[in-house]
Amino acid sequence: MMFITFHSQKERSGYGGTCFIELQYCKYPAGTDIEQIVKATDFWQNDSLYIEEKDHASFYTHYKDIFGSGIHYDLSKGYFDIWGITYYGPEWMDEISERALTQKPEDYAILLKWLARAKEHNGFYIVGV
């Protein structure tokens, strides 16, 4: 299974290591300045999806085109950065979901369910290692 969830930080830390990519909801309100959004995240959220180190390459290979271009820490745009922060606004959720549903990579159903909840937030981040 590529995507992992944890119910507590104790559970996450007990899993071993911190070398995860984290898919995290953006909890800033709509209208927040993009610079603030990309430069301030709280790591290790209980409602995040995590990808462990052994699956990083597979995640990038199978999901980079599904997520497409997001906004990086320096406000440039491009594929998600597994070593940095990439933000995807709520306006991209339907498009990302549609590509996942069409391509059906590993664990796409877990991602679709998680993305449906991202619409309740101001998008999401992919937070690299």
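Tyr-87 has Tyr-125 as its bridge partner in β7, one of the strands numbered from the N terminus as DSSP runs of E at least two residues long, just as helices are runs of H or I of at least four. Four bridges join β6 to β7, and the two run antiparallel; strands count as paired here if DSSP finds at least two bridges between them. This is a predicted model, so to speak of local features takes a pLDDT of at least 70 and side-chain atom pairs count only at pLDDT 80 or more, while totals for chains, interfaces and linings use all residues. Numbering starts from 1 along each chain as its sequence is written, and side-chain values use heavy atoms, with hydrogens and water left out.

Now look at what β6 has on its other partner strand. Strand β4, residues 70-72, pairs with β6 in the antiparallel sense over two bridges, and His-72 has Thr-86 of β6 as its bridge partner. Both faces of β6 are covered: Ile-85 and Tyr-87 are buried on one side, Thr-86 and Tyr-88 on the other. Buried means under 20% relative accessible area, exposed means over 50%, and partly exposed is what lies in between, using a 1.4 Å probe and protein chains only.

Thr-86 is worth a stop. Its relative accessible area is 0%, so it counts as buried. The Thr-86 side chain reaches the backbone nitrogen of Asp-81 at 3.0 Å. Leaving out residues up to four places away in sequence, Thr-86 touches (heavy atoms within 4.5 Å) a list of residues including Gly-70, Ile-71, His-72, Tyr-79, Phe-124 and Ile-126.

Last, the cysteines. The structure holds zero disulfides, a disulfide being a pair of cysteine sulfur atoms within 2.5 Å. Cys-26 is buried, with a relative accessible area of 1%, whereas Cys-19 counts as partly exposed because its relative accessibility is 27%.

How values were computed: Polar contact = N/O pair within 3.5 Å; in protein donor to acceptor, adjacent residues only side chain to side chain.
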